Structure formats: structure tokens, C-alpha cells
Amino acid sequence: MRLLPLFFLVPVALAVLLGGAASAQPTSGGLPPGEGFDWERLGTPAFDANFLTVAPDGSLWSSGASVDYEDAIYVFDEATDAWRDTTSIPNDADNLAFLGPDTLLVRYISRVRRSTDGGSTWELIYTGGDDLLHVAPFDLPRSGGRVFTGASDRENRVTEGLAYSADRGGSFIEGIYDPDLFGTDDIRAGVALAVTRGPEAGRVLMGGMHGVAYSDDGGESYRPSNLWTLYRYRSREIMEGEGPDGQPRLFALLTDATQPYFHVTHSDDGGATWGRPMPLPEPQDGIGSTGELVWLGPMGQPRSTLAILPRGHIYRTDDGGDSWSLKGRAPFDSSAVYVDEAYVDDAGRLVVSTPHVAGPVHGVFRTVEPVPVASAPMPPAAPDLSLAVEPNPATRQTAVRWRQASAGAARVS
């Protein structure tokens with residue numbers, strides 16, 4: 001039995017948190033392609049697959065190039081295990097966003113086009129878009145229904161923040177660029193996320209060349225997070241997940257200009273502050289320009305996060321990002337293929353796209369079985385921990401006594 005005297009001037013409410021395990025530094029060795037998971041290629045023909053998008057009807061879409069290097073947009077037919085070339089969508093698209101069953105946006109380099117008749121006709125909307133298309137959920141109080149794309153200064157060949165659309169892609173407005181906050185260097189936006197849970201719901205995050213910035217006015221103006229640096233940490237992916245306590249947590253996948261491998265970090269306050277980045281080495285193959293984070297949902301249940309690096313190595317955390325371990329590798333061709341995008345389908349299977357650079361044409365791959373999720377931690381039995389506070393309420397001094405099943409550090413707050 002341990003006795004701890006505490007002094008207060010007002011009545012007190014107490015909670016006990018037992019000390020947790022220290023986070024582990026991930027280590028890895030080179031893995032052969034496909035290691036750790038049983039993979040299957042989705043459909044024919046094989047093609048150079050880039051982005052992956054799920055339409056409102058649940059169908060899977062991807063852009064890419066055919067064997068004769070003609071650009072196309074494909075939709076996957078699960079029943080026939082085949083990819084269909086959708087000629088109604090412009091072939092110069094490398095990103096596609098569905099705003100409903102009939103309204104679509106496509107982007108290629110700096111051009112954003114919109115269709116309101118299911119892809120039969122298209123209108124050029126914005127010529128400054130770069131790097132991304134992100135649609136915020138329509139029921140968010142601050143950013144609901146807005147569409148975000150990189151705001152590019154084409155004349156000077158730099159990307160400055162995000163542009164947003166508040167009319168379902170009909171027009172785009174460029175966010176405010178404040179050199180007093182961000183410096184005189186350009187802001188190159190590569191990823192965007194609208195926070196959907198917790199007190200920061202509706203906040204928009206912008207990730208890119210310098211780290212992560214955030215907006216609380218729907219993308220009209222931004223503030224740099226503590227992760228914002230000059231040409232060191234570049235944000236490759238931002239994702240919503242949960243911490244070990246089930247509370248909302250954001251994850252970011254970064255590259256570090258000073259070290260040849262990826263890093264991961266997380267934020268518990270909606271992206272305003274981030275923890276110290278943890279390295280995720282991808283040995284032997286170097287570092288690429290992409291990277292993906294996927295959440296093994298649904299939210300509100302004990303789940304895990306996967307980080308898929310450009311050369312296919314797959315890391316996993318089951319403790320909210322405190323520690324990561326190498327679990328396998330996606331299909332990969334050593335002649336210069338990289339993993340572009342990844343997501344988990346409704347059946348819990350991991351899906352990845354693998355475009356080629358100079359090697360054989362690849363396509364879209366999926367794990368044959370659902371990726372296992374973390375099991376719920378067992379609550380401690382009643383005799384393992386007991387707490388007594390006497391007297392309670394207290395005005396000057398109270399004694400807190402607790403009993404725990406095994407020796408070890410404890411923290412009382």
C-alpha cells in the first residue's frame with residue numbers, strides 16, 4: 001500500500017493513470033515485393049494506375065495509361081473483374097472528385113474541369129489548380145461542401161496554398177497568402193484534409209513543401225503549425241484516426257530533407273501542434289515522392305493505422321502512433337514502380353495502385369483477405385486497482401491511497 005499526501009484549497013476530483021510502455025523505435029530490413037500479405041491483381045487489362053477514387057455508387061475509379069501509353073480513366077467492374085475505359089471523361093485527368101452522382105471534377109496539372117451531367121460534357125473552371133482535389137464533408141460547420149485544390153502561380157512556377165470552391169466546383173477562390181506568417185518562400189500544397197471529429201471539426205489542413213498549416217475559416221486564411229519549417233519536413237499525407245484512448249487523433253506522413261527516409265507524427269489538437277516525427281526507414285530502395293496512410297476503421301472502435309511507403313513497405317501501429325513496426329510490402333517492380341495511392345475497402349481489404357515509371361505496366365492490387373485489426377484492450381479486473389480519498393471533500397489536506405496489482409510507476413492527477 002502506498003500513501004501520497006496532497007494539499008488543496010478546494011474539493012478535488014482525482015483520476016489515476018498507470019504508466020504505459022515506452023514507444024519503440026522501428027527497425028526494418030529489405031523485404032521482397034508482396035511480402036507479408038496475399039495479393040491479387042484487380043481486373044484486366046493491366047495499366048499504369050495512379051489515383052484511386054470511390055464513386056457514390058461504390059464503384060472504384062482510377063486514372064492511368066494503357067499499354068500503348070494512352071492516358072485514360074478506368075472504372076472497375078467487380079462482376080466481370082475488368083476495367084472499362086470511360087471515354088466520356090477527359091483523358092488528361094490525374095485526379096477525380098465526385099460531388100454527387102452527376103457532378104464530377106477532374107484535374108490535370110493546372111486545369112480543373114467540371115461536369116454536371118455525369119461526365120457527358122465538361123467545362124473548364126480553374127487554371128491555377130495544382131497537386132490535389134479534396135472535398136470536405138457537406139455537414140461540417142466551417143468547411144462543409146467546399147472543394148480544395150492547390151493554388152498555383154503558374155507565371156512564377158510556384159504553388160501558393162490552397163484554392164477553394166464554395167459552389168460545388170463552379171468557381172475557385174484563392175486563399176490569403178500571408179508572408180508575415182509563412183515567410184517569402186512559396187507554399188507548395190500537396191495534400192489537404194478537413195477535420196470531421198472533435199472540437200476542431202471543420203478545420204482545414206494544408207500539407208506540402210514546408211509541413212502543415214491550418215485554417216479555421218474554410219480555407220480563406222491559414223496559420224502555420226509547429227511543424228512548419230523551411231525546406232525540411234514535407235507533408236506527404238494527412239489522415240484522421242484515433243489515439244489509444246479512442247479520442248480523435250491526426251496522423252501525418254513526412255519526408256525529411258536532411259534524412260533519406262519517411263517520418264510519421266500525430267496531433268491531438270486538430271493539427272495546430274504535432275509531436276516529434278518518428279522515422280520509418282524504407283531500406284535499399286531510397287525515398288520516393290508519394291506515401292499513403294490508411295485507417296482500419298470504423299471510428300470509435302479499437303483499430304490500427306497503416307503507412308504505405310513509395311517502394312511498398314507497409315508499417316503498422318496499434319497504439320495510436322506511439323510505435324510502428326514493419327509488416328510487409330505491396331507488389332512492386334524494382335525497375336522503378338512506386339505505390340501511388342492506397343485505401344481500405346468496405347470489406348477491410350487493402351487496395352493499392354502501382355504506376356510504372358520505366359518498368360513493366362502494373363495496375364491495382366488488393367489483399368485477398370481483410371487486414372486484421374487490433375483487438376480491444378481488456379480492462380483491468382477490479383482487484384488490480386483500488387482508490388480511496390479521505391477526507392473528501394477537503395479544504396486543506398487529503399490522503400490518496402491506491403493499490404495496484406504489480407509494482408511499477410504510477411501517475412496521479
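Residues are numbered from 1 along each chain as its sequence is written. Because the model is predicted, local features need pLDDT of at least 70 and side-chain atom pairs count only at pLDDT 80 or more, whereas totals for chains, interfaces and linings use all residues, and side-chain values use heavy atoms, with hydrogens and water left out.

Gly271 is buried, with a relative accessible area of 0%; buried means under 20% relative accessible area, exposed over 50% and partly exposed in between, with a 1.4 Å probe and protein chains only. Leaving aside neighbours within four places in sequence, Gly271 is in contact (heavy atoms within 4.5 Å) with Arg203, Leu205, Tyr214, Ser225 and Leu250. The C-alpha atoms of Gly271 and Val204 are separated by 9.1 Å, although the two residues lie 67 residues apart along the chain.

Elsewhere, an open sheet of 4 strands shows the order 4-5-6-7 with antiparallel pairing, two strands being paired if DSSP finds at least two bridges between them. Strand 4 (48–54) and strand 7 (82–85) stand at the edges with a single partner strand each, so one side of each is left without a neighbour in the sheet. Strand 5 (residues 60–65) and strand 6 (residues 71–77) run antiparallel and are joined by 5 bridges, and the bridge partner of Trp61 in strand 6 is Val75.

Across the protein, the secondary structure comes to 1 helix and 33 strands, and buried residues make up 50% of the 413 residues.

Methods
Helix = DSSP H or I, 4+ residues; strand = E, 2+ residues; numbered from the N terminus.
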